[in-house]
Amino acid sequence: MANTYVDYTATAAQTDFAFSFPYLEDSHVVVEIDGVTKTLTTHFTITTSPSTKVVLVSGATVGQKVRVRRISQPSTNLVDFVDGSVLTEASLDRAYLHNRYLNEEIQELNEASMQKGGNEELHGHADNEHRVGVFHGVG
């Protein structure tokens, strides 16, 4: 089960897409429509009351694939610890959650990359150090 994204097939002029995954900053919530990433405030907003959802500025058309996902920006440090500074619970929690969310995101990407498709079989060692996709039935 996905913890970091939710997929929808849009109905006519649908604008609201609920999600329940936690996130640290609004910029970590990403909307993709038919694989195209949309921009926060230009193409969508986030509301948190009474429920958490993204609201598209212009409604999606029937059948469009909409993914609401969390991307926690791995290249950005959300907390900068400085020698001699006071370590607060809030800063420690924020740093921990950022690392946890990044790990959840990469875990789901790894799981998706290892899914079988078509005539593919996955073979691996018991220690999971090496996996090879073997394809059958071509030609």
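This is a predicted model: local features need pLDDT of at least 70, side-chain atom pairs count only at pLDDT 80 or more; totals for chains, interfaces and linings use all residues.
1. Who builds the lining? The elements that give two or more residues are β7 (65-70) and α1 (89-113). Helix α1 provides the largest share, six residues. By class, you get seven nonpolar, one polar and five charged residues.

2. On to charge pairs: the count comes to seven salt bridges. One of them joins the side chains of D7 and R67, at 2.6 Å from N to O. That pair ties together distant parts of the chain, with D7 in strand β1 (residues 5-9) and R67 in strand β7, 60 residues apart. D7 counts as partly exposed because its relative accessibility is 43%, and R67, at 25%, is also partly exposed.

3. D16 and K53 make another salt bridge, at 3.0 Å from N to O. Here too distant parts of the chain are linked: D16 sits in strand β2 (residues 14-18) and K53 in strand β6 (residues 53-60), 37 residues apart. D16 has 34% relative accessibility, so it counts as partly exposed.

4. Within helix α1, E104 and R100 are about one helical turn apart, because four residues separate them. They form a salt bridge, with the closest N and O atoms 3.2 Å apart. E104 counts as buried, at 17% relative accessibility, while R100 is partly exposed at 42%. Shared partners join R70, R100, E104 and E105 into one salt-bridge network.

Notes:
Residues are numbered from 1 along each chain as its sequence is written. Side-chain values use heavy atoms; hydrogens and water are left out. Ala, Val, Leu, Ile, Met, Phe, Trp, Tyr, Cys and Pro count as nonpolar, Asp, Glu, Lys and Arg as charged, and the others, Gly among them, as polar. A salt bridge is a side-chain nitrogen of Lys or Arg within 4 Å of a carboxyl oxygen of Asp or Glu. Buried means under 20% relative accessible area, exposed over 50%, partly exposed in between (1.4 Å probe, protein chains only).
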